[in-house]
Amino acid sequence: MSQVFHDIEKKILETLQKVPNQTPEQLSTNTELSIDQIRRGIEWLRLKDLAIVAESQKVTFSLGPNGLDSLKNGLPERKLINMLKDEPKTFDQIRSALSGAGFNVAIANAKKNGWIKIEKNNSESLVSIKEKPIETPEEKLLSFIGEKTILQEQISNPLAMKILLSRPNYIIETSEKTKTISLTDAALSLDTSASSSGAIDVEADVPSIFAARTHPLQDTIDEIREIFVNLGFSEILGNMTQSSFWNFDALFTPQDHPARELQDTFYLENLESKNPATSSQIKNVSSSHNKNWKYDWKLSESQKMVLRTHTTCVTIKHLAEQKPENARIFSLGRVFRNEKVSYKHLVEFNQIEGIVIGNNTTLRDLMGIQKEFYKKLGLTKIKFWPTFFPYTEPSLQTMVYNEKLGKWIELFGMGIFRPEVTKPLGIDKPVLAWGGGIERIAMLKYELDDVREFYNNNLSWLRSA
Amino acid sequence: MPVVELNINRIRKLVSGNVTRKQILDVLPFLGLDIESEEGDEIRIEYSPNRPDYSTDYGIATGLQGLLGIKKGIQKTPIRKKGNYSIKVDSTVTKIRPYVTGIIASNGKLDDVAIKQLMNMQEDLHAGIGRKRKKSSIGLHDADKISFPLTYTTVSRDHKFIPLNGSTEQTINEILTNTDVGQNYGSVIENAKNVPIIFDSDQNTISFPPIINSGLTTVTSNTKNILIEVTGMDKEAAEDMLSVVVSILQTAGFEFNELKITGNKNSTPQLKEKTMIYDPKFTSEIIGIEMSPSNMVTCLKKCRLDASVKGKKITCIIPRYRFDIFSPMDLTEEIALGYGIANIEPKLSPSTTIGQKNDVTIKTKLISQTAVGLGFLEAMNSSLTSKKVLYEMTKRDSSQIISVLDSKSQEHTILRDSLLPSLLDNLSKNIHESYPQKLFETGVVFSKGKPIDESINLAIIIAYKDTSYSEIKAIMQSLLRTNFKINSETKTSKNNELFSKGRHADIFVNEKKVGEIGEIDSNILENFRIRTSVVGFEIKLSGLIFD
């Protein structure tokens, strides 16, 4: 791999190849890059194992207010000696000349240095010079520092510094962390001119951005709709709120059937449909129920409004109203069940349902349409099992083999509308019907095992699905 | 769908004819039975509510024998008129539970597994065709503990007897309050002063239908003769139930003696077969296979029906317990099952129609495409939502609320009249995700009408710190202009708690209000715990881009 360097990296590399071990500030001055650019560049080089960042502590000293005063006028003990040059003095005399704390400090240090002797005379203490006071290491250090800032490394007498540091406000000590940047052996021998100017690290990671998109479930719905259209089916729409007449009675579901109970079906509070169907439709459906199910059919029961439990109510209503001779139609939309929501069940999901009336309406044709439908979805290993639906006879279900799960899964159901459904509505020909839930297919497609995910609108999933 | 737990070895024994485990597992689905799970020799089978006879291994074995070709045709149920078994119906039951029917099953034996299955079958019958015991209910008794004749009559609520599984006498009222069955099914007899009861000739209580049997007549593995009684609101429904139990007990090896029933519109059950004569051409046309009538007869027999060819027609004999068979279409299904669904070859006929999407679908899709082009992610929310999200957190007017009854889920109780609240809820659940967040949804909203109007709305929402009214207005106008060339205006509107004061407007197209737009109020955002700026709009597409 030929390495590509950003211009910042290149400048830093070149400078350090000339002068190793520089601080970021020095690098900034030498490369004319901002300190921020330098920091970024160092980080990039470090990640590429080209730069070494050594952190160290930098300690400096300068004189505080007392130190500066002493630089000009001498340390208190020196001031004392100067006072005693001509004659000894009493404590009181010295005290009045060296104000405040200066007295104690001056006496103590002069005594420690062996410069003075103190004699007691009556009640007076008399101070006189003992021997010639030479310049102390502290005084030498004071004048060495002067008005400059000195690095710790430059101090030749650390003991004197320690003494000065112990005296308040003589020395200001500052310490700061510094980084020293040096190059690794590999970097020292790099020829940066070999990488062409303007090239960038094309392999580096970049931040993620997310595409705006339609909902994955909507994509599956659209895909399935497209297949129905390709199979010659035309789409019809219908309401999600339906009278019980079209949702149940017209589909031969007796009024005392368990599926019609509150615990399975959503009834709308205080809402009913005054005229759910034409009077002849009502009359015929009612007598079919009375005759076949042997009970007393009630109009009031059929007027109750429900959230449709299937899309079949839409297709059967269309058939009853339009009475087409030859048609393939489908209805797609939300259906509702009063269930506890779980990873397997939703109260509201999408269903598609197609019907065929007219030519080629045998059970074999119905199976043929299914087979073709699944083929278009990429599902080729299918079989049919008998099953039971209240309004179709015969009734079949499709089993589709899922390679990933290693088992047969139940998908769409199908059947031929019972004559007890079609005859009262004036439909004489056989009607094929087939369909099922779309979420099940979408779950296989997106490899989800919790159906609720489709309606959570969890952005991290929507952005990555 | 009901589920039954069975042992595969028991089924093999009942089917006989040396069938293998695999043969049974392979054929079960073609009887319309789903194998739900399989653990060792225990299998769980889901059966359809129209075939209650499949709730025991006896019924399933009878079906399997047919499809496997081991035994075909009807099993006849001879009813002997021997013995002096009878039940007299008193007119007092007319108003509360008018019908009783029954039979004596004799000279048989049930093991514990069979008794357990029968009890489960009884419960499934009660739940299904019995409509939670309201329409009909069943009781099995050890007939040898009973002195005939019986009387079906009513008693007052302080009548006492020892109920099934009880140890002391309890009054009717105590049974209704203290037992599970009493609590679950007490409502069936409502507040009737007197309740149904069956006494024997010694005035022993045999049964308190539809609640509980007497402890006296409990069926055990020592029982040889069984009284089956069914009471109900409908004579036919009661006989339906009886016929299923009879078919099962017959397979279990019992014989049957008549129970004479007299009084008050009641009569002795005949359990007669039904005869249906029909044109075999119909079946060929429905299945799509040319099949000879004699071939069809074989198929019907495999489904444990009897049939014969008479001229051009088929005469089919249907046993009483197959009350799911209404018409020739049902026989066609039986023929298909007998033929074997796996043997029917799918056929793809070319379509003679041209498929077409609905205009509403096409135009809604165009809107979605523009929204995606403008950088929006599509959200999908339920139409059934909660009062909390729809009205309380958004402080919207709830006077036209549309509720469903008895929802099992708190989050799904109200039909939405707007899409924005759910989108805000979506933002609220994604506050840890990166911003900007831009969502749109198209979907049905509901309002009270005749009785309910449904229309399709579009809502858009933008959330990030620098978003503004100008941004959302620009998005809204662009959406309507693209493809549809609709020019829209925004007009100052009266205060609306969803939006910030002075930062919202009504959307007008051709002088008609079609929606609302604005910056979401900070109090509302606080309710949703959203800590950034949010703007949004919602418009009604119905009436604007389609009818």
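## Contacts within and between the chains

Apart from its neighbours within four places in sequence, B:Glu5 is in contact with B:Ile43 and B:Arg44. This description rests on a predicted model. B:Glu5 is part of strand S1 of chain B, which covers residues 3-7, and its C-alpha atom is separated by 9.0 Å from that of B:Asp57, a residue 52 places away along the chain.

B:Asp57 itself takes part in a salt bridge, in which its side chain meets that of B:Arg10 at 2.9 Å, N to O. In general, side chains of opposite charge can pair when their charged atoms come close. Over all chains, the structure holds 51 salt bridges.

### Helix packing

| Helix pair | Axis distance | Angle |
|---|---|---|
| H4 (residues 112-127) and H7 (residues 235-251), chain B | within 11 Å | roughly 160° |
| H1 (residues 7-18) and H3 (residues 35-47), chain A | 9 Å | about 85° |
| H8 (residues 280-287) and H10 (residues 328-339), chain B | 10 Å | about 65° |

The axes of H4(B) and H7(B) cross at roughly 160°, which makes H4(B) roughly antiparallel to H7(B). The crossing of this pair is right-handed. On the H4(B) side the contact involves B:Leu118, B:Met121, B:Leu125 and B:His126, which meet B:Met241, B:Val244, B:Val245, B:Ile248 and B:Leu249 of H7(B). Eight of the residues in this contact are nonpolar, one is polar and none is charged.

In chain A, the axes of H1(A) and H3(A) are 9 Å apart and pack at an angle of about 85°, and the two helices are therefore roughly perpendicular to each other. H1(A) contributes A:Ile8, A:Glu9, A:Ile12 and A:Leu13 to the contact, while H3(A) contributes A:Gln37, A:Ile38, A:Gly41, A:Ile42, A:Trp44 and A:Leu45. Seven of these residues are nonpolar, two are polar and one is charged.

H8(B) and H10(B) pass each other in a right-handed crossing. Here B:Phe282, B:Thr283, B:Ile286 and B:Ile287 of H8(B) meet B:Pro328, B:Met329, B:Thr332, B:Ile335 and B:Ala336 of H10(B). The contact is made up of seven nonpolar and two polar residues, with no charged residue among them.

### The interface of chain A and chain B

How much area do chain A and chain B bury between them? The two chains bury about 7,400 Å², with 57% of that area on carbon and sulfur atoms. On the chain A side, A:Arg364, A:Pro386 and A:Phe388 lose the most area to chain B, and together they account for 10% of what that side buries. Counted by residues, 93 of chain A are in contact with 83 of chain B.

Charged pairs also occur between the chains, where the rule finds eight salt bridges across the interface of chain A and chain B. The side chains of B:Lys347 and A:Asp365 meet in a salt bridge, with an N to O distance of 3.8 Å.

Terms used
Residues are numbered from 1 along each chain as its sequence is written. Chains are lettered from A and ligands numbered from 1 in the order in which they are written. This is a predicted model: local features need pLDDT of at least 70, side-chain atom pairs count only at pLDDT 80 or more; totals for chains, interfaces and linings use all residues. Side-chain values use heavy atoms; hydrogens and water are left out. Axes are lines fitted to C-alpha atoms, for helices over the stretch in contact, and angles run from 0 to 180 degrees between N-to-C directions. Helices (H or I, at least four residues) and strands (E, at least two) are DSSP runs, numbered from the N terminus. Angles under 35 degrees count as roughly parallel, over 145 as roughly antiparallel, 65 to 115 as roughly perpendicular and the rest as oblique. A crossing is left-handed if the near helix is turned anticlockwise from the far one by less than a right angle, and right-handed if clockwise. Contact means heavy atoms within 4.5 Å. Ala, Val, Leu, Ile, Met, Phe, Trp, Tyr, Cys and Pro count as nonpolar, Asp, Glu, Lys and Arg as charged, and the others, Gly among them, as polar. Buried area is the accessible area (1.4 Å probe) that two parts lose on being put together, summed over both. A salt bridge is a side-chain nitrogen of Lys or Arg within 4 Å of a carboxyl oxygen of Asp or Glu.
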